[in-house]
Amino acid sequence: PRIAAEVPITFGTADATSTISEQSVLVDGYRAVVVNNDYGPIGAPLEPILQGIAPPGVEQFEWDPTTRTLASVWSQPDVSCPNGIPAMSRASGLMYCIGKRGDDWTLEGFDWLTGDVAFTELLGATMDYNTTYAGCEIGPDRAFYAGTFTGLVRVRPE
């Protein structure tokens, strides 16, 4: 097998010594986003899900086909998209994920090209918003859909 590139993933934290990303990478064109799943030591397999542990860190990389190199484009070290597969919309130019800020689960929107946070929508502090490694989708009605620990979440745009 051929490895095209290997680069450190730090999620924008200069002193990071280890990182883990356990879910699908979000790719569009030559850009790819990974999210942090480094929960640290855990006692039981479902502990991060049941306790709502949400490590921060999102980072985007871009492949340069001319130089055949991969480089970090942007990172968000303080924003969590802990365990759901993000989605992106070319129409809006945004990447979306279920995140967590403090005790509250959120819907996060990032500018795909710059990584700037476009919006944060508070959803709630219950397990009803924990995506538990489910995929996220943008529907034909422009609503955001995500599978969660307890069912389906739909957030409609205003």
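Strands β3 (residues 58–64) and β4 (residues 69–76) of this predicted model pair in the antiparallel sense over 7 bridges, where two strands count as paired if DSSP finds at least two bridges between them. Asp64 stands opposite Thr69 in β4, and the two strands form a hairpin with 4 residues between them, in whose turn Arg68 has a positive phi of about 55°. Residues are numbered from 1 along each chain as its sequence is written. Because the model is predicted, local features need pLDDT of at least 70 and side-chain atom pairs count only at pLDDT 80 or more, while totals for chains, interfaces and linings use all residues, and side-chain values use heavy atoms, with hydrogens and water left out.

**The chain as a whole**

- The protein chain holds 1 helix and 11 strands, which are DSSP runs numbered from the N terminus (helices are H or I with at least four residues, strands are E with at least two).
- Read from the N terminus, the order of the elements is β-β-α-β-β-β-β-β-β-β-β-β.
- The radius of gyration of the protein chain is 16 Å, close to the 15 Å that the globule rule gives for 158 residues, so the chain is as compact as a globular protein of that length; the radius is taken over C-alpha atoms, and the rule is 2.2 Å times the number of residues to the power 0.38.
- Taken along the principal axes, the box filled by the C-alpha atoms of the protein chain is roughly 45 × 40 × 30 Å.
- Of the 158 residues, 39% count as buried, a term that means under 20% relative accessible area, with exposed meaning over 50% and partly exposed lying in between (1.4 Å probe, protein chains only).

- β1 and β2 run antiparallel and are joined by 3 bridges, with Val27 standing opposite Ala32 in β2.
- In the hairpin that these two strands make, 2 residues lie between the strands, and Gly29 takes a positive phi near 65°.
- β2 also pairs with β3 in the antiparallel sense, over 5 bridges, and here Val35 stands opposite Val58 in β3.
- Strand β2 (residues 31–35) has 5 of its 5 residues buried, so it is largely enclosed by the rest of the structure.
- In a regular strand the side chains alternate between the two faces of the sheet. For β2 both faces are covered, with Arg31, Val33 and Val35 buried on one side and Ala32 and Val34 buried on the other.

**The sheet of β5 to β8**

- An open sheet of 4 strands has the order β5-β6-β7-β8, with antiparallel pairing.
- Its edge strands are β5 (87–89) and β8 (117–124), each of which pairs on one side only.
- Neighbouring strands of this sheet are turned by 30° against each other on average, direction ignored; the axes are lines fitted to C-alpha atoms, for helices over the stretch in contact, and angles run from 0 to 180 degrees between N-to-C directions.
- Strand β7 (residues 104–111) pairs with β8 in the antiparallel sense over 6 bridges, and Phe110 stands opposite Val117 in β8.

**The sheet of β9 to β11**

- Another open sheet is formed by 3 strands in the order β9-β10-β11, and its pairing is antiparallel.
- β9 (136–138) and β11 (152–155) stand at the edges with a single partner strand each, so one side of each is left without a neighbour in the sheet.
- The twist from one strand to the next averages 20°.
- Strand β10 (residues 144–147) and β11 pair in the antiparallel sense over 4 bridges, and the bridge partner of Phe144 in β11 is Val155.

**Two residues with positive phi**

- Phe11, in the segment before β1 (26–28), has a positive phi near 55° although it is a residue other than glycine, and it is buried, with a relative accessible area of 3%.
- Arg142, in the loop between β9 and β10, is not a glycine but has a positive phi of about 70°, and it is exposed, with a relative accessible area of 62%.

**The largest pocket**

- About 380 Å³ of space lies in the largest pocket, where a volume is the space filled by probe spheres set on grid points that are joined across faces, edges and corners.
- On a 1 Å grid over the protein atoms alone, a pocket is an open set of points with protein on both sides within 12 Å along at least five of seven lines, whereas a cavity is a set of points where a 1.4 Å probe fits but cannot get out; lining residues have an atom within 4 Å of a point.
- The largest pocket is lined by 16 residues, of which Tyr96, Phe119, Arg142, Arg156 and Pro157 lie nearest its centre.
- The lining divides into 9 nonpolar, 3 polar and 4 charged residues, with Ala, Val, Leu, Ile, Met, Phe, Trp, Tyr, Cys and Pro counted as nonpolar, Asp, Glu, Lys and Arg as charged, and the others, Gly among them, as polar.
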